[in-house]
Amino acid sequence: MSDRQTTALQQLWPVYGLRVGDAVSSDPAVPFDAAVPFDAAGLFGRRAPLVVEIGSGMGDTTVEMAAADPDRDYLAVEVHTPGIANLLDLVHRRELRNVRVAEGDAVELLRAMPADSLDAVHVFFPDPWPKSRHHKRRLIQPTHVALLRSRLAVGGTLHCATDWAEYAEAMRVTLDADPGLVNLHDGYAPRPAHRPVTRFERRALRAGRPIADLIYRRR
């Protein structure tokens with residue numbers, strides 16, 4: 001990490017950070033429904049619609065969307081330490097009060113959250129795990145989608161984006177098969193103006209990889 005990122009992690013993590021282990025039981029014998037309840041109001045200091053972004057990367061998208069959407073709270077979940085540190089620094093520089101950063105497994109965190117509690121879930125450019133033997137590691141698969149959907153409030157949205165064509169089609173098939181979700185578009189969505197273009201996305205476009213957005217609403 002750069003010196004700037006190291007300083008941000010040291011100074012800002014106590015203010016904006018949450019470890020997934022702090023939100024779920026550390027005892028593997030305790031079922032998730034008996035885990036420590038997730039307290040969004042306590043984390044943000046207010047009650048507001050909550051957006052969870054899974055895999056926030058370097059944090060550019062999180063910061064831009066949260067800055068343009070102050071009436072909702074954004075919880076970014078990431079495992080990459082430099083990305084977490086960079087996001088903390090961006091949040092501090094932009095003086096954003098509606099962003100918090102969770103470190104750890106997003107699926108574990110979602111299991112600790114109450115059902116029907118999220119206004120939106122964003123999954124932007126998740127690891128495509130392109131090799132067939134690794135497809136079981138993909139985030140967008142039926143069991144995980146059922147969990148994501150159960151945490152959305154009725155009318156809440158699940159927005160996915162990928163630059164990997166095969167994964168995009170697999171996502172669409174999986175999401176279409178969930179009976180509790182409805183596609184807001186006929187197949188892939190037009191690129192939404194509210195999702196910022198990141199450096200990663202620009203590199204994908206320069207490499208000739210088209211971007212696919214999928215936006216679903218919970219019934």
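Which residues have the most contacts inside the largest nonpolar core? In this predicted model, they are Ile54, Leu75, Ile140, Leu158 and Leu175, within a core of 33 residues. The protein contains nine helices and eight strands, and 48% of its 219 residues count as buried. The points below take up the overall form, the cores, and then a set of individual residues.

**Overall form**

- A compact globule of 219 residues would have a radius of gyration near 17 Å, and because the protein has 17 Å, the two values agree.
- Taken along the principal axes, the box filled by the C-alpha atoms is roughly 45 × 45 × 35 Å.
- Among contacts between residues at least 6 apart in sequence, 78% join residues that are at least 24 apart.
- The accessible surface comes to about 11000 Å², and carbon and sulfur atoms account for 53% of that surface.
- The protein carries 28 positive and 28 negative side chains, and the centres of these two sets lie 3 Å apart.

- In soluble globular proteins, nonpolar side chains tend to be buried together.
- The largest nonpolar core here has 33 residues, and helix α6, spanning residues 106-112, gives the most to this core, with four residues.

- Leaving aside neighbours within four places in sequence, arginine 100 is in contact with Val15, Tyr16, Leu43, Phe44, Tyr74, Leu75 and Ala76.
- Arginine 100 and valine 52 are 48 residues apart in sequence, and their C-alpha atoms are 9.8 Å apart in space.
- Arginine 19 is found in strand β1, residues 17-19, and is partly exposed, with a relative accessible area of 42%.
- Apart from neighbours within four places in sequence, arginine 19 is in contact with Trp13 and Glu103.
- From arginine 19 to arginine 209 there are 190 residues in sequence and 34 Å in space, C-alpha to C-alpha.

- Glutamine 5 lies in helix α1, which runs over residues 3-16, and counts as buried at 8% relative accessibility.
- Not counting residues up to four places away in sequence, glutamine 5 touches Met58, Pro82, Ala85 and Asn86.
- Glutamine 5 and leucine 87 are 82 residues apart in sequence, with their C-alpha atoms 8.9 Å apart in space.
- Aspartate 213 has its place in strand β8, residues 212-218, and is buried, with a relative accessible area of 2%.
- The C-alpha atoms of aspartate 213 and glutamine 5 are separated by 31 Å, and the two residues are 208 residues apart along the chain.

**Positive phi angles in loops**

- Most residues other than glycine have a negative phi.
- Aspartate 116, although not a glycine, has a positive phi of about 60°; this residue lies in the loop between α6 and β5 and is partly exposed, with a relative accessible area of 43%.
- Phenylalanine 125 is likewise not a glycine and has a positive phi of about 55°; this residue is found in the loop between β5 and α7 and counts as buried, with a relative accessibility of 17%.

Definitions and conventions
Residues are numbered from 1 along each chain as its sequence is written. This is a predicted model: local features need pLDDT of at least 70, side-chain atom pairs count only at pLDDT 80 or more; totals for chains, interfaces and linings use all residues. Side-chain values use heavy atoms; hydrogens and water are left out. A nonpolar core is a set of buried Ala, Val, Leu, Ile, Met, Phe, Trp, Tyr and Cys residues joined through side-chain atoms within 4.5 Å. Buried means under 20% relative accessible area, exposed over 50%, partly exposed in between (1.4 Å probe, protein chains only). Helices (H or I, at least four residues) and strands (E, at least two) are DSSP runs, numbered from the N terminus. The radius of gyration is taken over C-alpha atoms; the globule rule is 2.2 Å times the number of residues to the power 0.38. Contact means heavy atoms within 4.5 Å. Accessible areas come from the Shrake-Rupley method with a 1.4 Å probe; for residues, only the protein chains shown count as cover. Lys and Arg count as positive and Asp and Glu as negative; His and the chain ends are not counted. The place of a charge is taken as NZ of Lys, CZ of Arg, CG of Asp or CD of Glu.
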